[in-house]
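Good morning, colleagues. Please turn to the sequence and the structure as they come up on the screen.

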Amino acid sequence: MERVHCLIIGSGPAGYTAAIYASRANLKPVLYQGIQPGGQLTTTTEVENYPGYPEGVQGPQMMVDFEKQAVRMGADIRYGLATKVDFSSHPHKVEIDEEKWIEADSVIIATGASAKWLGLESEKRLNGFGVSACAVCDGFFFRGKEVAIVGAGDTAAEEALYLSKLCTNVHMIVRRNEMRASKVMQDRVLNTPNIKVYWNADTEEIIGDKTVTAVRIKNNQTGEKTEIPVHGFFVAIGHQPNSDIFKGVLEMDEVGYIKTISGTTKTNVEGVFAAGDVQDKNYRQAVTAAGSGCMAALDAERYLGAKGLH
Ligand code: NDP
């Protein structure tokens with residue numbers, strides 16, 4: 001069985017940054033990219049809030065740059081999906097593509113999270129062309145324009161407020177007659193003059209040929225349909241951390257975010273570290289994911305050093 005010093009699972013900003021740092025510390029990291037090499041950023045268009053790119057950069061291009069930098073530092077980047085883990089003894093074991101097992105002295109989990117989507121065909125077709133799951137990433141492109149947002153949790157409330165500062169009007173589509181968001185966030189939303197809430201409303205269709213031009217909603221009590229002209233449509237109905245294969249092995253919160261010891265990337269299993277969105281439901285930014293990827297590599301290096309494995 002192949003044995004590696006440092007196995008990194010996942011290829012978003014957290015995974016690649018961990019690979020850059022681990023390579024430079026001579027941990028000879030092996031990184032498995034997973035099902036979507038580059039992660040969530042490969043589904044966005046322009047990224048303008050990542051420091052170091054004064055002119056902005058396309059999300060997919062940025063991930064190619066991250067990968068190139070990791071390769072230049074000596075990381076072994078491989079296509080493949082971690083399908084099972086056995087962290088019951090040292091070295092830890094990870095199964096790849098349901099066919100081979102790898103032994104690892106340290107493991108960095110950077111499998112990210114996936115935005116939940118409504119599941120409409122038009123939502124998929126117009127993704128990146130007016131449809132987005134991240135207001136902080138893409139809101140800027142709609143400044144001075146009308147947008148809609150679907151969802152009623154803290155994320156939707158926070159994103160609606162964020163958009164209200166950039167956009168002329170924010171149309172907030174809530175499927176029940178109440179919001180799940182915390183009271184304070186609800187109050188802020190309801191007291192913001194340019195946010196209009198549509199209660200008991202389902203999104204029927206996002207309208208637009210090449211870019212979004214309107215959204216059609218239906219009141220699920222009265223059946224009344226309304227078409228709202230908008231340029232942007234934001235989906236904020238929650239995220240799902242990609243942590244299924246670690247269930248029952250690593251400590252997680254009730255939704256599946258991996259728990260780490262505060263101020264570190266350490267999980268409850270020695271030698272296993274978690275970085276990026278799989279352990280962060282609050283910030284979820286490329287730059288915060290990259291920062292925690294760096295932390296994970298440093299934590300892994302210290303762990304291996306203390307164990308006399310490096
Ligand atoms: P939540 O799961 O809390 O909320 C999801 C929202 O989306 C709910 O209002 C839900 O409606 C709605 N929804 C789900 N599916 C659909 C659908 N198909 N159509 C329409 N609406 C839908 O996710 P969040 O991302 O908002 O929050 C996740 C966690 O992170 C929470 O614990 C939250 O408190 C926390 N958080 C904290 C923040 C902070 O403290 N600053 C900021 C952001 C998040 P319904 O209510 O009807 O189920």
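Let me begin with a question: which residue just after H2 takes a positive phi? That residue is Gly74, whose phi is about 110°. Please bear in mind throughout that this is a predicted model.

I turn now to helix H2 itself, which covers residues 59-72.

Which residues of H2 are buried? They are Gly59, Met62, Met63, Phe66 and Ala70. These residues cover an arc of only 100° around the axis, and therefore they lie on the same side of H2. As a general point, an α-helix has 3.6 residues a turn, so residues three or four places apart point the same way. Lys68 and Arg72, by contrast, are exposed on the other side of H2.

My second topic is a pair of helices, H5 (residues 154-164) and H6 (residues 183-190). Their axes come within 9 Å and cross at roughly 35°, and the crossing is left-handed. On the H5 side, the contact involves Asp154, Ala157, Glu158 and Leu161, which meet Met185, Arg188 and Val189 of H6. By class, this contact has four nonpolar and three charged residues, with no polar ones.

Thank you for your attention.

Conventions. Residues are numbered from 1 along each chain as its sequence is written. This is a predicted model: local features need pLDDT of at least 70, side-chain atom pairs count only at pLDDT 80 or more; totals for chains, interfaces and linings use all residues. Side-chain values use heavy atoms; hydrogens and water are left out. Axes are lines fitted to C-alpha atoms, for helices over the stretch in contact, and angles run from 0 to 180 degrees between N-to-C directions. Helices (H or I, at least four residues) and strands (E, at least two) are DSSP runs, numbered from the N terminus. A crossing is left-handed if the near helix is turned anticlockwise from the far one by less than a right angle, and right-handed if clockwise. Contact means heavy atoms within 4.5 Å. Ala, Val, Leu, Ile, Met, Phe, Trp, Tyr, Cys and Pro count as nonpolar, Asp, Glu, Lys and Arg as charged, and the others, Gly among them, as polar. The expected span of a helix is 1.5 Å times one less than its number of residues. Buried means under 20% relative accessible area, exposed over 50%, partly exposed in between (1.4 Å probe, protein chains only). The arc is that of the directions from the helix axis to the C-beta atoms.
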